[in-house]
Amino acid sequence: MVVEEKAAVELASIAEWNEHHLDEDLTERDLLGWLPELGVAIAVHGDDVDDVADHYRYLLEERVAECTGGAVMVADVMLLCEGDNEWLHFVRNGESVWWRVEHESDDYVDQAAVAEQINDLDPGGDDPRRFYQLRPAKKEPCHDDVYVLASPEQARALHDEFGLDFYGLESTGARRGESPTDLLDRWLAEMDAELDSWCVRFRPGGSSFDFSVESLDALERLVLDRFADWAAVQAAADDPFVVGAVRYLGETLIRSGSSHWAYPDGRYARHPLVQSNTPPAFRTVVEPLNKLSHLAEDREPGILGMSIEELRRAVDEYTTALRALESIHRPSASRTSRSEPSLPTRSGSRSTSLDSSSEVDGSASRRT
């Protein structure tokens, strides 16, 4: 994790100011303080800072580059506010990244937001390292959050050798069975044929399943006639009617705009999901199976159609944030050469991976 020469220099520096305590056993607090000094971790300040926007710039533009050895380069960090909403925007290796943040004071970093979105700073590609948040044995008020850049094997070794505990270390094993990409490809490849068959089998007389918002009323009646509550739908999740209803609801949401199919990477789901055409900071995810279950439980007509507005609100918020960013960039002619994210479209692409951080461009292709 650290080249021998750098380790020797840093350890000598530590010994210089800590010479009277060299024979003492290492404490967790010692390790948490030294890992950033060794260049293998970053610390997100928990106490007050002089200016929160400046601290984000220092953390992302300087500390991340140093820790990753230049594998991740961050530039143009900006804290944007619009009404009650706050976002952090920056450019990571040439790509636009958004974080949702919230501050009760300009003196404190939003540590929770960093924890939720830190993996946007992982090197990626063939580099196996990622940022693991250390889980302290004892939490203290205003403590710094420390993130160690390590491969899964290195994080496991730090745990076994020094007793360091990391959030998420237990979930780094390989996923069994089909990958999310394979599952989604198969789901989409079968879409048209499965929907045609489902409509022929289950469409009631006089109803038109044309993927319009109005057609969801007929779908709701079918669901309410068949299921008494949430549990009944969940128990029938693999039955032909429910699988087809999931497909039909998802396709209707997508054809109404602002969303696409996705499959969650890293967690179990019975069927693919629908998510908004936005970066993760603005993302709304609709689980069609759960929406059908919610309808059966509450028995209130109109629940399925409400999902369209949920997805559109996510796109509208992203559009607002983009305009706030553009209002800052517009006066500077020198910035016109930089490729900025474009305003999102409401015509939905069919699919993407749920862990993708890129915006969906609204094309008609099934795979972005």
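## A word to start with

A residue is called buried when its relative accessible area is under 20%, exposed when it is over 50%, and partly exposed in between, using a 1.4 Å probe and protein chains only. By that rule Phe 241 is buried, with a relative accessible area of 6%. Trp 198 is buried too, at 4%.

Here is some background. This is a predicted model, in which local features need pLDDT of at least 70 and side-chain atom pairs count only at pLDDT 80 or more, while totals for chains, interfaces and linings use all residues. Residues are numbered from 1 along each chain as its sequence is written, and side-chain values use heavy atoms, leaving out hydrogens and water.

## An aromatic pair

Let's stay with those two residues. A pair of aromatic rings is described by the distance of the centres and the angle of the planes. Rings of Phe, Tyr and Trp (its six-membered ring) pair if their centres lie within 6.5 Å; planes under 30 degrees apart are stacked, over 60 edge-to-face, and the rest tilted. The whole structure holds 15 aromatic pairs. In one of them, Trp 198 and Phe 241 are tilted, with 5.9 Å from centre to centre and 40° between the planes.

Trp 198 sits in helix α7 and Phe 241 in helix α10, so their pair ties together parts that are 43 residues apart in sequence. Both also belong to one aromatic cluster, together with Phe 202, Phe 209, Phe 211, Phe 227 and Tyr 248.

## Where two helices cross

Helices (H or I, at least four residues) and strands (E, at least two) are DSSP runs, numbered from the N terminus. Axes are lines fitted to C-alpha atoms, for helices over the stretch in contact, and angles run from 0 to 180 degrees between N-to-C directions. The axes of α7 (residues 191-202) and α10 (residues 240-255) come within 10 Å and cross at roughly 115°.

Which residues of α7 and α10 meet? From α7 come Met 191, Glu 194, Leu 195, Trp 198, Arg 201 and Phe 202; from α10 come Pro 240, Phe 241, Gly 244, Ala 245, Arg 247, Tyr 248 and Glu 251. Contact here means heavy atoms within 4.5 Å. Sorted by class, the contact has eight nonpolar, one polar and four charged residues. In this sorting, Ala, Val, Leu, Ile, Met, Phe, Trp, Tyr, Cys and Pro are nonpolar, Asp, Glu, Lys and Arg are charged, and the others, Gly among them, are polar.

## The sheet β1-β6-β5

Two strands pair if DSSP finds at least two bridges between them. An open sheet of three strands runs in the order β1-β6-β5, with antiparallel pairing. β1 (41-44) and β5 (130-133) stand at the edges with a single partner strand each, so one side of each has no neighbour in the sheet. On average, neighbouring strands of this sheet are turned by 25° against each other, direction ignored.

Four bridges join β5 to β6 (residues 145-150), and Phe 131 has Leu 149 in β6 as its bridge partner. Helix α3 (residues 52-68) packs on this sheet, touching β1, β5 and β6.

## The sheet β2-β3-β4

Another open sheet of three strands has the order β2-β3-β4, also with antiparallel pairing. Its edge strands are β2 (74-82) and β4 (95-101). Seven bridges link β2 and β3 (residues 85-92), and Cys 81 has Glu 86 in β3 as its bridge partner.

Which strands does α3 lie across, running at about 150° to β2? Helix α3 lies across β2, β3 and β4.
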